[in-house]
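Please look over the sequence and the structure, then read the points below.

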Amino acid sequence: MTVQPYYRDEATFLNQTPRRYQLRTTIQHWQLRDLVLCPKGMRSSFVYVNQNNVNFFDTNTEQTTPALKDLSFSPTSICSGYGYLAAGGQRSQLAVRSLDTNWTSQVTVGGSINNSMFISNHFGETRLLICNNDETIKIYSLPDLVRLQTIQFPTAVNAAAVSPDGRKLIAVGDSQQVFLYNITPNGDYVKTTTLVAGTDAGFSCAWNQSSEKFAVATQDGYVSVWDIRSTEKLTKLKSMQHPQVKGACRCVKFSPSGSMDLLMYSEHISYINIVDTRNFSEKQTIRVSPPGNDQNISGISFSEDCKKVFVGVENSILEYQVDTMARRCFPQGSIL
């Protein structure tokens with residue numbers, strides 16, 4: 001049975017006064033909005049998309065440097081992991097860069113829009129999963145870009161995520177369904193369960209650090225959360241602007257540090273939401289655009305150390321400080 005949360009909206013996980021970087025982020029597809037990220041090992045930097053460039057920005061020096069420059073396409077999706085950065089385009093274009101050696105490659109993978117991508121590791125083998133509008137996930141090895149497998153779906157695939165322990169895969173697309181797979185020791189993907197999230201398409205999914213919970217963001221303005229041990233939803237979270245179109249949930253992410261235990265999700269415009277995942281009883285909603293001036297959100301990301309949150313809006317990227325002391329003081333609850 002799904003628990004409909006009764007939460008306090010006055011929680012303060014983030015400082016509401018952000019630092020603002022005057023950087024333009026661009027959205028190539030109106031529904032695909034995961035275009036800001038923090039690569040592992042680059043503590044003071046984030047990555048963002050501007051037209052046909054993917055850039056690094058160092059928050060200490062406030063300097064921008066190109067990560068993938070003058071691409072032949074404007075990225076609809078980006079991802080990073082295990083020392084690689086990848087960008088996908090509207091016509092199945094793919095660009096990959098090694099963050100360690102600066103090796104780059106550009107290819108096309110076939111199909112249609114590369115809606116999202118995910119980099120995982122399977123027993124020492126780095127894999128790139130590409131979610132395409134042609135109803136597939138194409139799985140490539142890195143860095144040689146050999147196609148290992150293609151998983152067929154009954155719908156366009158908008159997002160996928162591999163659990164941190166490397167044992168499970170979730171995928172969502174242009175339907176109400178959530179597809180759950182086991183990843184076998186020999187690297188095969190075996191479908192085990194099909195769940196139902198909301199009443200509209202899913203556009204983002206994520207695992208928590210312990211691989212025990214996963215979340216799905218849907219266009220109807222909800223984020224559904226499951227515990228891996230049950231097919232029943234653990235909770236269902238609503239957007240601030242639900243049921244309006246601008247309240248569609250576009251991107252969802254768990255904090256990468258287990259001690260923080262936070263879940264963040266963005267709406268189509270103007271608002272982000274942060275929830276305590278220890279009991280789902282506290283929530284903070286922040287308007288990231290000025291009063292009376294709605295702005296599109298291009299992406300959200302926790303910093304690697306979970307001390308900051310970055311939010312891309314139309315003409316800037318905002319940096320919010322996480323109240324890490326409060327999160328670590330009461331790991332099992334709060335004192336009233």
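Strands here are DSSP runs of E of at least two residues, numbered from the N terminus. By that count, Pro 243 lies in the loop between β21 (233–238) and β22 (249–254). The model is a predicted one.

**Overall form**

- Along the principal axes, the C-alpha atoms of the chain fill a box of roughly 55 × 45 × 35 Å.
- Buried residues make up 57% of the 336 in the chain.
- Of the contacts between residues at least 6 apart in sequence, 48% join residues at least 24 apart.

**Surface and charge**

- The chain exposes about 14000 Å², and 46% of this area is supplied by carbon and sulfur atoms.
- The chain has 31 positive and 29 negative charges, and the mean positions of the two sets are 1 Å apart.

**Nonpolar cores**

- In soluble globular proteins, nonpolar side chains tend to be buried together.
- The largest nonpolar core in this chain has 21 residues, and those with the most contacts inside it are Leu 14, Ile 272, Ile 274, Val 288, Val 309, Val 311 and Tyr 320.
- At least two residues of this core come from each of β23 (262–267), β24 (271–276), β26 (299–302), β27 (308–313) and β28 (316–321).
- Strand β27 gives the largest share of this core, three residues.
- Leaving aside neighbours within four places in sequence, Val 309 is in contact with Leu 14, Met 264, Ser 301, Phe 302, Leu 318, Glu 319, Tyr 320 and Val 322.
- Another core, of 15 residues, lies apart from the largest one, and Cys 131, Ala 160, Leu 169 and Ile 183 are among its members.

- Ser 120 counts as buried because its relative accessibility is 5%, under the 20% cut-off.
- Not counting residues up to four places away in sequence, Ser 120 touches Tyr 82, Glu 125, Thr 126, Arg 127, Leu 129 and Val 162.
- Ser 116, at 12% relative accessibility, also counts as buried.
- With residues up to four places away in sequence again left out, Ser 116 touches Ser 77, Leu 129, Ile 130, Cys 131, Asn 158, Ala 159 and Ala 160.
- Ser 116 and Leu 262 are 146 residues apart along the chain, and their C-alpha atoms are separated by 23 Å.

**Backbone exceptions**

- Most residues other than glycine have a negative phi, and most peptide bonds are trans.
- A cis peptide bond joins Leu 142 and Pro 143, with omega about 10°, and Pro 143 lies in the loop between β12 (136–142) and β13 (147–152).
- Leu 145 lies in the loop between β12 and β13 and has a positive phi near 55°.
- Leu 145 counts as buried, at 16% relative accessibility.
- The peptide bond from His 242 to Pro 243 is cis, with omega near 5°.
- Ser 92, which is not a glycine, has a positive phi of about 65°.
- Ser 92 lies in the loop between β7 (84–88) and β8 (93–98), and with a relative accessible area of 4% this serine is buried.

How values were computed. Residues numbered from 1 in each chain as written. Predicted model: local features only at pLDDT ≥ 70, side-chain atom pairs only at ≥ 80, totals over all residues. Heavy atoms only, no water. Buried < 20%, exposed > 50% of the residue type's maximum accessible area, 1.4 Å probe, protein only. Contact = heavy atoms within 4.5 Å. Areas by Shrake-Rupley, 256 points an atom, 1.4 Å probe, with all protein chains shown as cover. Lys, Arg positive; Asp, Glu negative; His and termini not counted. Charge placed at Lys NZ, Arg CZ, Asp CG, Glu CD. Core = buried A, V, L, I, M, F, W, Y, C linked by side-chain atoms within 4.5 Å. Helix = DSSP H or I, 4+ residues; strand = E, 2+ residues; numbered from the N terminus.
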